[in-house]
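Student: I am new to this structure and would like a close look at one part of it. Please take me through that part slowly, and then on to what lies around it.

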Amino acid sequence: MEKAPGGTSVGVDDPYDHVKRCDFVTSEGKCRWAREHGHHDPEFANTRSADDFRCPAAIAPDDTDADAEPEWDWADCPHFRSRNHDRECVRCGLEERRMAHSDEQPLLEEHHLSYREGGDELSHEITVFLCRWCHAKIHQSWARLDDDVNPDPEAIAQREQRRSKEQSELGFESAADRYDDS
């Protein structure tokens, strides 16, 4: 199982199994990183530019064959990034509830799945959201991302507390009711 720099588990054997696509790939299969950040790696950007910015991990070189496999795996791209933007725990399904102008600890935390061998640096940024209860279980035990679990009772209680506050803020009280002198 993959390990974080502190030696704790990240809850997966292969982080790329949890990737749908790179954040820099457009819907047409073009590499947005090479266009927007190419000055950081001109050789990579020039190669992608010569190939009309085609992402070799997203689409095959000859797009006439719909069944052709891409030349690269996601892990082969030096500038790959995949961050989950769904605001729910990928392990138990708990949804985030954030209150505006509140300093309460969030219910969800970003969890990194990939680190360089023997270092604190990330190899590729691959992240998912976990509720803080699942996040602790992943790092402090043998829990895995793909475990079939329900939200922790304390997590549900926290979420419902926030939901109640949200509902009370949406309540309407007319000025006549608020300032009734009788």
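Student: Why is strand S3 (residues 125–131) largely enclosed by the rest of the structure?

Tutor: This is a predicted model, in which local features need pLDDT of at least 70, side-chain atom pairs count only at pLDDT 80 or more, and totals for chains, interfaces and linings use all residues. Residues are numbered from 1 along each chain as its sequence is written, and side-chain values use heavy atoms, with hydrogens and water left out.

Strand S3 is largely enclosed because 6 of its 7 residues are buried, where buried means under 20% relative accessible area, exposed means over 50%, and partly exposed lies in between (1.4 Å probe, protein chains only). Helices (H or I, at least four residues) and strands (E, at least two) are DSSP runs, numbered from the N terminus, and two strands pair if DSSP finds at least two bridges between them. Strand S1 (residues 81–83) runs parallel to S3 and is joined to it by 3 bridges, with Arg-83 having Thr-127 as its bridge partner in S3. Strand S2 (residues 108–112) runs antiparallel to S3, and 5 bridges join these two strands; here His-111 stands opposite Val-128 of S3.

On a 1 Å grid over the protein atoms alone, a pocket is an open set of points with protein on both sides within 12 Å along at least five of seven lines, a cavity is a set of points where a 1.4 Å probe fits but cannot get out, and lining residues have an atom within 4 Å of a point. Grid points are joined across faces, edges and corners, and a volume is the space filled by probe spheres set on the points. Of the 16 residues that line the largest pocket, His-18, Lys-20, Ser-82, Arg-83 and Asn-84 lie nearest its centre, and the elements that give two or more residues to this lining are S1 and S3. The largest share, 3 residues, comes from S3. Domain 1 (14–83) and domain 2 (87–96 + 105–173) each supply at least three residues of the pocket lining, the domain bounds coming from an automatic or database domain assignment. By class, the pocket lining has 6 nonpolar, 5 polar and 5 charged residues, where Ala, Val, Leu, Ile, Met, Phe, Trp, Tyr, Cys and Pro count as nonpolar, Asp, Glu, Lys and Arg as charged, and the others, Gly among them, as polar.

Turning to cavities, a search of the whole structure finds 2 of 30 Å³ or more. The largest cavity has a volume of about 70 Å³, and among its 14 lining residues Cys-22, Val-25, Cys-31, Cys-55 and Cys-77 are the closest to its centre. Helix H1 (32–37) and H2 are the elements that give two or more residues to that lining, which by class has 11 nonpolar, 1 polar and 2 charged residues.

Finally, the loop between helix H2 (42–50) and S1 holds Arg-54, which is buried, with a relative accessible area of 6%. The side chain of Arg-54 makes a polar contact with the side chain of Asp-51 (2.7 Å), a polar contact being a pair of N or O atoms within 3.5 Å where, within protein, one must be able to donate a hydrogen and the other to accept it, and residues adjacent in sequence count only if both atoms are side-chain atoms.
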